[in-house]
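Let's take a walk through this protein together. Have the viewer ready, and we will go from a pocket to a sheet and then to some backbone details.

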Amino acid sequence: MPSSTSAKSAKAIKAAGKSASSVRKGKGGKLPNQRNIPWLTIGAVAVIIALIGGIAWVLVPKIQDKRENEKYTPSAQKKDPSDQIPGVVKKEYPAGLHVASTQRVAYDQAPPFGGPHDGSWAACTGVVYPKAIRTENAVHSLEHGAVWIAYNPDKVDQSGIDLLKSKVQGKPYSLMSPYPGLDSPISLQSWGHQLKLEKADDKRVTEFITALRLNQYAYPEVGADCANPTFSTDNPPAFDASAPGADAVPMDGKGLTQDPTELGGGGAPTMPGGLPSLPGGLTLPSGIPSIPAPTDGPAPESEQPVPTQ
């Protein structure tokens, strides 16, 4: 017979086993519930984070673009923002010097960006010319505040041309045309300013246009129009790639008479057509009546078309 001690030990072991099983199963002999995970809350938070990220993805570039535009937008305190653009070349040129449609100018730059020019300007109302145009006409457009984008058709592919078109087409005071033999793929011109570039997607294209298109402090004939009904955009005067002959008009315009109606730039007050207002009742050329001197402070700056981006 088993001893009393052995029986008690067996009962103790059996009781311990039941106790351990009860602990493992939990109250009532069942396994404890697993911890609930708040999947709905996690999903909602993930959606909110995605929305915030999407909004930031849209707004941040726009804010950056706005800041860049402000950086290169001219003002009375910052008259020539192109000074901040690497590679811009600047030169001073006399304005209002006109040549006949049969004359050539011995330009000092290619493409030129100032100096004597044809009396008729190339229409610059966002026109993209498919063929090269006469240089002397294009320079006159610069005098009106336009930006001219010239490109070498042998160095810029169609995608680059299309990108440049998007900067010009339909934009007032701008024009674009091929320029055979150009020493760089792309060249941007405004009056007295030039920037040569290798690629159409260079951010300086937009910076140059923002800084100089219709910048009243940087071109002579403030208030002048860019539409020209006498200049055919379908069949403009042809580009002449030959070197100017000995009879070409020099850059200083020797022998030409300056047109006073084209000397009202640099922020000076002007009358329609760019004619500068003169203090003290001075008499203007060609029998134009005198203009009384202002009596209530400086004359306001002339109005000009507002460029659109």
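In sorting residues by class, Ala, Val, Leu, Ile, Met, Phe, Trp, Tyr, Cys and Pro count as nonpolar, Asp, Glu, Lys and Arg as charged, and the others, Gly among them, as polar. By that scheme, the lining of the largest pocket holds eleven nonpolar, seven polar and five charged residues. A pocket here is found on a 1 Å grid over the protein atoms alone, as an open set of points where a 1.4 Å probe fits, with protein on both sides within 12 Å along at least five of seven lines; lining residues have an atom within 4 Å of a point. The largest pocket has a volume of about 370 Å³, where volume is the space filled by probe spheres set on the points, with grid points joined across faces, edges and corners. It is lined by 23 residues, and the closest to its centre are Arg104, Thr135, Tyr179, Phe239 and Asp240.

Before going further, a word on the model. It is predicted, so local features need pLDDT of at least 70 and side-chain atom pairs count only at pLDDT 80 or more, while totals for chains, interfaces and linings use all residues. Residues are numbered from 1 along each chain as its sequence is written, and side-chain values use heavy atoms, with hydrogens and water left out. The mean pLDDT (the predictor's confidence in each residue, from 0 to 100) is 82, and 71% of the residues reach 70 or more. Over residues 267-304 pLDDT stays under 50. Where pLDDT is low, the predicted coordinates should not be read in detail.

Now to the sheet. Helices (H or I, at least four residues) and strands (E, at least two) are DSSP runs numbered from the N terminus, and two strands pair if DSSP finds at least two bridges between them. Six strands make an open sheet with mixed pairing, in the order β1-β8-β7-β5-β6-β4. The edges are β1 (89-90) and β4, each with a single partner strand, so one side of each is left without a neighbour in the sheet.

What does β6 pair with? Strand β5 (residues 147-151) joins β6 in the parallel sense over five bridges, with Pro178 in β6 as the bridge partner of Tyr151. Strand β4 (residues 125-128) also pairs with β6 in the parallel sense, over three bridges; Val127 has Leu175 as its bridge partner, and Val128 has Met176.

How enclosed is β6? Five of its five residues are buried (under 20% relative accessible area, with exposed over 50% and partly exposed in between, using a 1.4 Å probe and protein chains only), so β6 is largely enclosed by the rest of the structure. In a regular strand the side chains alternate between the two faces of the sheet. Here Ser174, Met176 and Pro178 point one way, and Leu175 and Ser177 the other.

Next come the backbone details. Most residues other than glycine have a negative phi, and most peptide bonds are trans. Tyr173, in the loop between α4 (158-168) and β6 (174-178), has a positive phi near 60° and is buried at 6% relative accessibility. Leu214 has phi near 55° and lies in the loop between α5 (204-212) and β9 (270-271). The peptide bond from Ala110 to Pro111 is cis, with omega near -5°.

Finally, visit Leu163 in helix α4, which is partly exposed at 32%. Its C-alpha atom is 6.5 Å from that of Ala200, 37 residues apart along the chain.

Definitions and conventions: Contact means heavy atoms within 4.5 Å.
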